[in-house]
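Hello,

Here is the structure I promised to pass on to you. Please open it beside this email, and then read on for what was found in it.

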Amino acid sequence: MSLKVFHIFFITVAVLFAIGFGVWSLYPTFQHGNNTTFLWLGIGSFGVAVVLVLYGLKVFQKLLRL
């Protein structure tokens, strides 16, 4: 496995984990209602997922030029 393929794979897995953690964090918030910590964790996790997707697109474009 080349370093390029590993990098794309790693970014994809990180995005999936961030989205999964965001969903998991928001589930108790909507189920129990009073804990804002999980709400902020979920929002932050989705923000990290967006940043990772943007980073992944930039890296993918750079790797296509190599």
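Leu41 sits in helix H2, which covers residues 36–65; helices here are DSSP runs of H or I with at least four residues, strands are runs of E with at least two, and both are numbered from the N terminus. Leu41 is partly exposed because its relative accessibility is 38%. The cut-offs are these: buried means under 20% relative accessible area, exposed means over 50%, and partly exposed is in between, with a 1.4 Å probe and protein chains only. Setting aside neighbours within four places in sequence, Leu41 is in contact with Phe21 and Ser25, where contact means heavy atoms within 4.5 Å. Look also at Leu41 and Leu64: they are 23 residues apart along the chain, and their C-alpha atoms are separated by 34 Å.

Before you go further, please keep in mind that this is a predicted model, in which local features need pLDDT of at least 70, side-chain atom pairs count only at pLDDT 80 or more, and totals for chains, interfaces and linings use all residues. Residues are numbered from 1 along each chain as its sequence is written, and side-chain values use heavy atoms, with hydrogens and water left out.

Now for the chain as a whole. The protein chain has two helices and zero strands. Its C-alpha trace spans about 50 × 20 × 10 Å along the principal axes. The radius of gyration of the protein chain is 15 Å, while a compact globule of 66 residues would have one near 11 Å; this radius is taken over C-alpha atoms, and the globule rule is 2.2 Å times the number of residues to the power 0.38. Of the 66 residues, 21% count as buried. The accessible surface comes to about 5200 Å², and 77% of that belongs to carbon and sulfur atoms; such areas come from the Shrake-Rupley method with a 1.4 Å probe, and for residues only the protein chains shown count as cover. Among contacts with a separation of 6 or more, 58% are between residues 24 or more positions apart.

Ser25 lies in helix H1 and is buried, because its relative accessibility is 0%. Which residues does Ser25 contact, leaving aside its neighbours within four places in sequence? They are Phe38, Leu41 and Gly42. Ser45 belongs to helix H2, and it counts as buried because its relative accessible area is 8%. Not counting residues up to four places away in sequence, Ser45 touches Ala18, Ile19, Phe21 and Gly22.

Leu57 is in helix H2 and is partly exposed, because its relative accessible area is 49%. Leu57 and Ile8 are 49 residues apart along the chain, yet their C-alpha atoms are separated by 9.4 Å. Lys58 is also in helix H2, and it counts as exposed because its relative accessibility is 61%.

The structure holds three aromatic pairs. One of them is Phe6 with Phe10, a stacked pair at 5.9 Å centre to centre and 25 degrees between the planes. Rings of Phe, Tyr and Trp (its six-membered ring) pair if their centres lie within 6.5 Å; planes under 30 degrees apart count as stacked, over 60 as edge-to-face, and the rest as tilted. Phe6 and Phe10 both lie in helix H1, four residues apart, about one turn of the helix. Phe6 is partly exposed because its relative accessible area is 42%, whereas Phe10 is exposed because its value is 53%. Elsewhere, Phe21, Trp24 and Phe38 form one aromatic cluster.

Met1, Leu3, Val5, Phe6, Phe9 and Phe10 make a nonpolar patch of about 740 Å². Patches are made of residues with over 30% relative accessible area and no salt bridge, joining like charges within 9 Å and nonpolar side chains (Val, Leu, Ile, Met, Phe, Trp, Tyr) within 5 Å. A salt bridge is a side-chain nitrogen of Lys or Arg within 4 Å of a carboxyl oxygen of Asp or Glu. Met1 is in the segment before helix H1 (3–32), and it counts as exposed because its relative accessibility is 77%.

Enjoy exploring!
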